Amino acid sequence: MVGLPQIFDMSNPEAAAAGIAAAAAALEKGGLVGMPTETVYGLAADATNGRAVAAIFTAKARPRFNPLIIHVISPVAARELAAFAPEALRLAKAFWPGPLTLVLPKRLPSPLADLATAGLDTVALRVPAHPVARALMEAFGRPIAAPSANRSGHVSPTTAAHVADDLGDKVAVILDAGPTGIGLESTIVGFTGADPTLLRSGGVPRQDLEALLGRPLASPSGRAAPVAPGMLASHYAPSAQLRLDATEVGRGEALLAFGPKLPNHAKRAVALINLSPKGDLTEAAAHLFAALRELDGKADRIAVAPIPDQGLGEAVNDRLRRAAAPRA
Ligand code: TXA
Ligand code: MG
């Protein structure tokens, strides 16, 4: 508990400068910061400070120590922390800064706290594009560990208000930069086995990565333990029950729609949000988590219209399947 967070409106230049200074000072002291990125808001801590990283797990009430994504200012800073195979380098050059995370062999000795990588000999690295995240990394000067800033198992936060709702008493500072642009977490590609592997679909569509590499990404082998909490079957879970690929709306259901054509009996819906009336998957991704939070308060059941699996649709459908999965 740290009391109420200081919240800074990053659209106001004076508040923004004060916010970056306050956030960097909080990180320096081992505190936690709600940091906007282009994907979702992160719960940021000094990745080189084990106690600060431990505070992330306490705040999120994570069931166990999962490895965290380490955010750095540049590919050069990333290469100090990990070994890049030639294909990893190609992805980094093409998609950083941006919504791509690479899991790579960790370079030793490492300045990172062991807890940040859960004691693994690999590290997940990302160079975010969001100007506020970049200003904070610049001011702080060290790598930042940041999972999504939600309580474990909750829907990821795409606004500062979501962060305050979930973690308001656990963070020292929240930098409010409005809704995040992409709205889904980064795509995670692993370079720790024989072939590059898609560990989590996300903000960079699979097709873009495969086009650049000139070959398909492998799927994680079933044998390994789930390395990412986002890979657990039930995750991103609202308390309402989701019914996917709904072609009609049942009585008492809310409707999460997509595209110009609504499912049958749409008028029955007790609440309706259309992720993108014009059927744009990028817009749908940006609206997904806020829509789940909003409908969650309004009905016990949510009918979800079919969403095409192309482009960002793969990641949208992945999050919806996890949100619909039976709870552990
Ligand atoms: O867009 C994002 O990626 C956001 C923003 C804040 O950057 N962050 C995010 O972090 O989604 P988180 O902790 O919610 O998800 C990070 C995922 C986890 O599922 C974790 O298990 C996986 O990355 N991960 C981290 N290090 C790993 C490693 N060494 N090997 C495999 N997976 C790893
Ligand atoms: Mg998360």
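Let's start with Arg-322 and Asp-318, which form a salt bridge with their closest N and O atoms 2.7 Å apart. By salt bridge I mean a side-chain nitrogen of Lys or Arg within 4 Å of a carboxyl oxygen of Asp or Glu. The two residues sit four places apart in helix α9 (residues 313–324), so about one helical turn separates them. Helices here are DSSP runs (H or I, at least four residues), strands are E runs of at least two, and both are numbered from the N terminus. Arg-322 counts as buried at 15% relative accessibility, and Asp-318 counts as buried at 9%. Salt bridges with shared partners join Glu-185, Asp-318, Arg-319 and Arg-322 into one network. For the accessibility words, buried is under 20% relative accessible area, exposed is over 50%, and partly exposed is in between, with a 1.4 Å probe and protein chains only.

A quick word on the source: this is a predicted model, where local features need pLDDT of at least 70, side-chain atom pairs count only at pLDDT 80 or more, and totals for chains, interfaces and linings use all residues. Residues are numbered from 1 along each chain as its sequence is written, chains are lettered from A and ligands numbered from 1 in the order in which they are written, and side-chain values use heavy atoms, with hydrogens and water left out.

Back to the charges. How many salt bridges does a search of the whole structure find? The search finds 16. One of them joins the side chains of Arg-215 and Glu-87, at 2.7 Å from N to O. Arg-215 lies in the loop between α7 (206–213) and β11 (241–243), and Glu-87 in helix α4 (residues 86–95), so this pair ties together parts that are 128 residues apart in sequence. Is Glu-87 buried or exposed? Glu-87 is buried, with a relative accessible area of 18%, while Arg-215 is partly exposed at 28%.

Then there is Arg-293 with Asp-166, a salt bridge whose closest N and O atoms are 3.7 Å apart. This pair also links distant parts of the chain, as Arg-293 is in helix α8 (residues 281–296) and Asp-166 in helix α6 (residues 160–167), 127 residues apart. Asp-166 is buried, with a relative accessible area of 9%.

Now, the domains. The chain divides into domain 1 (6–213) and domain 2 (241–324), with bounds that come from an automatic or database domain assignment. Their centres, taken over C-alpha atoms, are 28 Å apart. At the interface, 21 residues of domain 1 are in contact with 15 residues of domain 2, contact being heavy atoms within 4.5 Å. The two domains bury about 1400 Å² between them, 55% of it on carbon and sulfur atoms. Which three residues of domain 1 supply more of its buried area than any other three? They are Val-155, Leu-184 and Ser-201, with 38% of the area that domain 1 buries against domain 2. Buried area, for the record, is the accessible area (1.4 Å probe) that two parts lose on being put together, summed over both.

What about polar links across that boundary? Three salt bridges are counted between domain 1 and domain 2.

Let me finish with a few buried spots elsewhere. Asp-46 is in strand β3 (residues 42–46) and counts as buried at 3% relative accessibility. Its side chain makes a polar contact with the side chain of Arg-142, at 3.1 Å. A polar contact is a pair of N or O atoms within 3.5 Å; within protein, one must be able to donate a hydrogen and the other to accept it, and residues adjacent in sequence count only if both atoms are side-chain atoms. Beyond four places in sequence, Asp-46 has contacts that include Leu-27, Phe-140 and Pro-143.

Pro-143 is in the loop between α5 (131–140) and β7 (144–145) and counts as buried at 15% relative accessibility. Pro-143 and Ala-78 are 65 residues apart in sequence and 9.0 Å apart in space, C-alpha to C-alpha.

Last one: Thr-158, in the loop between β7 and α6, counts as buried at 3% relative accessibility. Leaving aside neighbours within four places in sequence, its contacts include Val-40, Tyr-41, Phe-289 and Ala-290.
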